[in-house]
Amino acid sequence: MGTLLVARHGETTWNRDGRIQGWAPSRLTDQGQEQATALGAWLDDRYSVDRVFASDLRRTRETAAAVGDGYGGLPDPEFDTDWRERGFGTVQGLYADELLDEFPDHDRDASVISLDAAPEGGEGIPTFRGRVESAWDRAMATTDAGETTLVVTHGGVIKVLLAKLTDRDPDAALAEHSQANCAVNEVRLDGDGPELVGEEMTAWRTLLD
């Protein structure tokens with residue numbers, strides 16, 4: 001039986017300010033660095049990680065590095081553009097309220113990740129889901145019995161995966177708020193397919209209290 005761990009990146013300056021990140025090179029805050037280091041220590045106490053995949057964006061690179069500092073001996077990450085957040089093109093960098101002014105039909109209570117329209121230079125939802133599911137299939141295929149793979153990625157990506165794993169309505173899942181920064185989810189692989197056994201595990205937070 002293999003194990004896949006899927007973690008969201010640490011807090012960024014744009015998370016804190018409520019801006020739409022997309023593929024922007026936003027950086028971790030000091031709190032985000034602390035979260036990621038604490039997550040690494042939390043993982044080190046519980047798992048033997050054999051492989052690390054990560055989005056190639058700055059915030060996930062910085063998170064993976066800080067997780068490695070907390071873990072001690074974490075394998076070097078393999079960066080992959082398919083693990084990126086949804087691309088938002090020309091509206092990247094806007095505050096959420098500004099985006100809603102651009103797309104007034106979007107439900108103001110729903111996450112901007114669920115925006116039906118494809119912003120200029122950005123991705124539509126089918127394209128976004130397709131590449132995330134391709135990355136997920138590759139991660140499962142390369143995780144052998146007895147191995148543990150860690151994926152460091154983004155809130156929207158995790159929504160796509162959780163919908164796939166739990167048979168939730170994909171559109172409804174995208175409309176939900178993202179998991180907390182550095183939350184981690186555990187998926188076990190066996191002959192019956194992937195099974196979500198731990199969702200939004202945030203025990204690492206106790207290390208920051």
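User: At what angle do H2 and helix H3 pack?
Analyst: Helices (H or I, at least four residues) and strands (E, at least two) are DSSP runs, numbered from the N terminus. Axes are lines fitted to C-alpha atoms, for helices over the stretch in contact, with angles from 0 to 180 degrees between N-to-C directions. H2 packs on helix H3 (residues 58-71) at about 45°, and their axes are 6 Å apart. H2 is therefore oblique to H3; angles under 35 degrees count as roughly parallel, over 145 as roughly antiparallel, 65 to 115 as roughly perpendicular and the rest as oblique. The model is predicted: local features need pLDDT of at least 70, side-chain atom pairs pLDDT 80 or more, while totals for chains, interfaces and linings use all residues. Residues are numbered from 1 along each chain, and side-chain values use heavy atoms, without hydrogens and water.

User: In what order do the six strands of the open sheet come?
Analyst: Strands of a sheet pair through backbone hydrogen bonds, either parallel or antiparallel. Here two strands pair if DSSP finds at least two bridges between them. The order is E3-E2-E4-E1-E5-E6, with mixed pairing. Strand E3 (78-79) and strand E6 (193-201) are the edge strands, each pairing on one side only. E2 (residues 51-54) and E3 run parallel, joined by two bridges, and Phe-53 stands opposite Glu-78 in E3.

User: Is Thr-148 buried or exposed?
Analyst: Buried means under 20% relative accessible area, exposed over 50%, partly exposed in between (1.4 Å probe, protein chains only). Thr-148 belongs to strand E4. Thr-148 has a relative accessible area of 8%, so it is buried.
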